[in-house]
Structures are given as C-alpha cells and as structure tokens.
Amino acid sequence: MIELLDVYKTYERNNGNIEALRGVSLKVEEGDIFGVIGYSGAGKSTLIRMVNGLERPTRGEVLVDGRALSGITGKELRKLRQSIGMIFQHFNLLETKTVFENVAMPLVLTGKKRHEIRERTEELLEYVGLSSKARSYPKELSGGQKQRVGIARALANNPRILLCDEATSALDPQTTLSILELLRRINCEYNITIMLITHEMGVIQKICNKVAVMEKGQIIEQGDVIDVFGNPEHPTTRSFVESVIQTTVPPSILQSVEDVHRGRMFKLKFVGKLASEPVIHDMIRRFPVEVNTLFATMTEIQQTMLGYMIIQMDGRPEDIEQAARLVAERGVLIEEVRVP
Ligand code: ADP
C-alpha cells in the first residue's frame with residue numbers, strides 16, 4: 001500500500017548539506033499499524049512527510065497503492081492527499097474556529113454540501129467523544145481533547161491512510177493510552193492503515209504490528225513488532241526495547257550475586273505459549289539442580305507473551321549442563337550470564 005524504494009533526501013544548507021534520509025526502503029501493507037521509531041534527528045518526520053508528498057525525495061521513489069508519487073500532479077495529487085489524513089504532535093488546530101468548524105474544514109474545502117458537512121461532522125464528533133464540545137474553541141480543551149479534534153478532522157474525507165506525527169508526544173501517559181486506543185479502533189473499525197512516527201517504544205509496543213527503527217537517516221532494523229522486541233539486533237534497537245522491558249540483569253541483582261556467588265547464572269527467554277509452560281518445574285524434577293530465580297518479567301506484545309527470567313543454578317557441572325540443554329530443547333532461549 002505504501003512503499004519507499006531507496007529514498008534519499010538531502011537538504012541544502014549554507015554550512016553544508018544534510019542527508020536526512022539515506023537509502024530508506026520499507027513497505028506498509030493494508031491494515032498495518034506501522035511504527036517508525038528513532039531518536040530526534042533520525043529522519044522520521046522527513047520520512048512520513050514523503051508519504052503524502054509534503055516532501056519530495058532527492059532520489060528514490062515513494063509508491064502509494066502501487067502508484068509513484070513523482071508521476072502525480074495537480075488534481076490527481078489533491079485526490080491522493082484526500083485519501084491520506086494526518087495528525088500532529090501540536091494538533092495544528094485553527095484557534096479562531098470552533099471544534100465543529102475545525103472538523104468541518106476539510107469537507108468545506110472539498111466542496112461538500114451544507115447538510116452533508118453537518119451530518120459528517122456530527123458523526124465524527126460523536127465517534128471521538130466530543131459531541132458536547134462542538135461549540136468550544138481549541139483553547140478551552142485539554143491536550144487529549146485537542147488531539148481528538150485533530151483525529152476527527154483527519155478522518156473527515158474518509159481517508160484510507162492515517163499518518164501520525166508524534167501524535168501522543170505532548171500528552172500525559174493516561175491520555176496517551178486513550179488516544180492510542182482510539183487509533184486502534186479506527187484501524188480496526190474503518191480498516192484505515194496507520195503509519196506513525198514516535199520516539200517512545202511504549203507507543204510501538206501498545207498498538208503497532210510492524211516497526212522500523214531509524215538512525216542517522218537509515219533504517220537499521222525492521223520487522224514484526226514481536227520479532228524486533230524478542231530479538232533486537234542493533235544496539236539502538238536494544239536500548240529502545242530496554243526502555244520498556246528490562247532484559248538485562250539489574251545492577252542490584254548483580255551485586256547480590258557477587259555477594260553470595262553460588263552456581264552459574266542464566267538468562268531465559270520465553271515467547272508465546274512457552275511462557276505458560278512449566279519448563280523450570282520439569283527441569284528441577286529431572287535433574288538434581290538447585291534453582292534460584294533472581295529476576296523475572298512478562299510483557300504482552302501483539303497478543304503474544306514475551307517473558308525473561310534470570311536464574312542461578314547450583315549443582316554438579318554435568319547436571320547443570322543437562323538441565324540447561326533440556327530448557328533449550330523445549331524451545332526456550334537460554335544463555336549464560338557471566339558476572340564480570
Ligand atoms: P526526526 O523527525 O527524526 O527528529 P527530521 O526528519 O526532523 O528527524 O530531521 C532529520 C535531519 O534533517 C535533521 O538533521 C534536521 O535538522 C534536518 N532537516 C529536517 N527538515 C529540514 C529542512 N526543512 N531543512 C533543513 N534541514 C532539515
């Protein structure tokens with residue numbers, strides 16, 4: 001549905017060129033909630049603005065529904081833009097217009113009839129839970145309410161794609177959750193494909209099914225969210241994953257292990273239904289090893305459980321080896337943690 005093929009973007013500045021995108025390729029399928037994550041300056045905004053033609057690539061191609069944006073101009077480009085809604089970090093509402101007028105604006109611009117505008121705007125306000133605020137002005141609303149207005153406005157012309165530019169970055173955690181839930185509903189109920197950019201891994205974890213990690217204008221890792229969370233390869237991806245799931249041994253635990261120093265330490269990773277199987281129990285029953293659980297965490301991602309456990313095993317070396325092998329044979333990833 002959305003495809004970027006080897007896209008480059010260079011901004012020319014007096015003090016030297018800036019390569020905001022350097023060979024970005026990605027594919028967003030219909031129905032995806034595709035998240036792009038990266039630190040500030042990674043090139044995320046430049047990338048998302050390519051999709052609705054707000055920015056043009058210096059090199060490479062952007063395709064929407066198989067059509068190259070470079071080949072579209074005038075009326076066709078306007079029509080394509082209507083099928084792509086966008087919401088922003090700072091909402092971009094017109095302060096001198098009421099909530100109703102803000103939401104109705106795209107309908108007015110596309111020349112809809114008065115009664116159609118009224119009906120559609122009322123329907124949208126109802127959908128985002130703001131019917132009672134129709135006559136209010138943006139300054140009378142909370143951040144979450146303003147973003148709901150932004151969402152209603154973006155949906156006005158029945159887009160097939162919704163682009164979200166750091167849409168929850170200015171909101172508190174509770175409001176963020178409610179906006180993410182609304183985006184998920186929009187994706188499910190209207191079958192609108194969503195592409196979002198964010199610097200918060202929690203956003204990716206909560207609603208995305210696909211993710212691309214960006215750094216210095218390039219995509220350093222991409223795939224299904226569960227795979228990237230379960231097996232992050234690049235150090236930057238690992239640090240994003242660590243920001244929401246603790247996967248390394250907490251320093252306080254390392255300290256206590258150093259103090260006691262019994263047996264060997266292992267990190268176990270459980271994905272999916274393995275997370276609810278009694279693997280450790282079976283291991284202890286089969287082999288004479290003593291197991292001490294130091295740390296455990298369990299997270300749900302895309303309806304799949306992802307669990308990490310850090311254990312200490314004491315016993316005869318051959319029993320420990322066999323016990324570890326049994327765990328691995330059951331499909332649990334097990335690796336030894338060396339105490340420095
Ligand atoms: P992000 O959204 O990940 O923070 P951006 O896409 O905004 O990253 O920026 C990527 C790089 O491109 C940054 O170095 C930024 O300063 C530069 N950049 C973005 N837009 C422009 C522009 N219009 N003119 C010049 N440089 C820009």
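## Close-up views

**View 1. The cover over helix α9.** β3 (33-38), α7 (201-207), β9 (210-215), β10 (218-224) and α8 (225-230) are among the elements that cover the buried residues of α9. The structure is a predicted model: local features need pLDDT of at least 70, side-chain atom pairs count only at pLDDT 80 or more, and totals for chains, interfaces and linings use all residues. Residues are numbered from 1 along each chain as its sequence is written, and side-chain values use heavy atoms, with hydrogens and water left out. Helices (H or I, at least four residues) and strands (E, at least two) are DSSP runs, numbered from the N terminus. Buried means under 20% relative accessible area, exposed over 50%, and partly exposed in between (1.4 Å probe, protein chains only). Contact means heavy atoms within 4.5 Å.

**View 2. The buried side of α9.** Helix α9 spans residues 235-242, and its buried residues are Thr-236, Thr-237, Phe-240 and Val-241. These residues lie on the same side of α9, because they cover an arc of only 140 degrees around the axis. The arc is that of the directions from the helix axis to the C-beta atoms. An α-helix has 3.6 residues a turn, so residues three or four places apart point the same way.

View 3. Asp-165 sits in strand β7 (residues 161-165). Asp-165 is buried but has no salt bridge (a side-chain nitrogen of Lys or Arg within 4 Å of a carboxyl oxygen of Asp or Glu). Arg-49 is the nearest side chain of opposite charge, 5.9 Å away. Lys and Arg count as positive, Asp and Glu as negative; His and the chain ends are not counted. Leaving aside neighbours within four places in sequence, Asp-165 contacts Ser-45, Met-86, Ile-87, Phe-88, Gln-89 and Ile-197.

**View 4. A four-stranded open sheet.** The strand order is β12-β13-β11-β14, with antiparallel pairing. β12 (290-301) and β14 (333-337) stand at the edges with a single partner strand each, so one side of each has no neighbour in the sheet. Neighbouring strands are turned by 20 degrees against each other on average, direction ignored. Two strands pair if DSSP finds at least two bridges between them. β11 (residues 264-271) and β14 pair over five bridges. Val-337 in β14 is the bridge partner of Met-265.

**View 5. Helices across the sheet.** α11 (residues 279-286) lies across β11, β12 and β13 (304-314), at about 25 degrees to β13. α12 (residues 317-329) lies across β11, β13 and β14, at about 10 degrees to β11. Axes are lines fitted to C-alpha atoms, for helices over the stretch in contact; angles run from 0 to 180 degrees between N-to-C directions.
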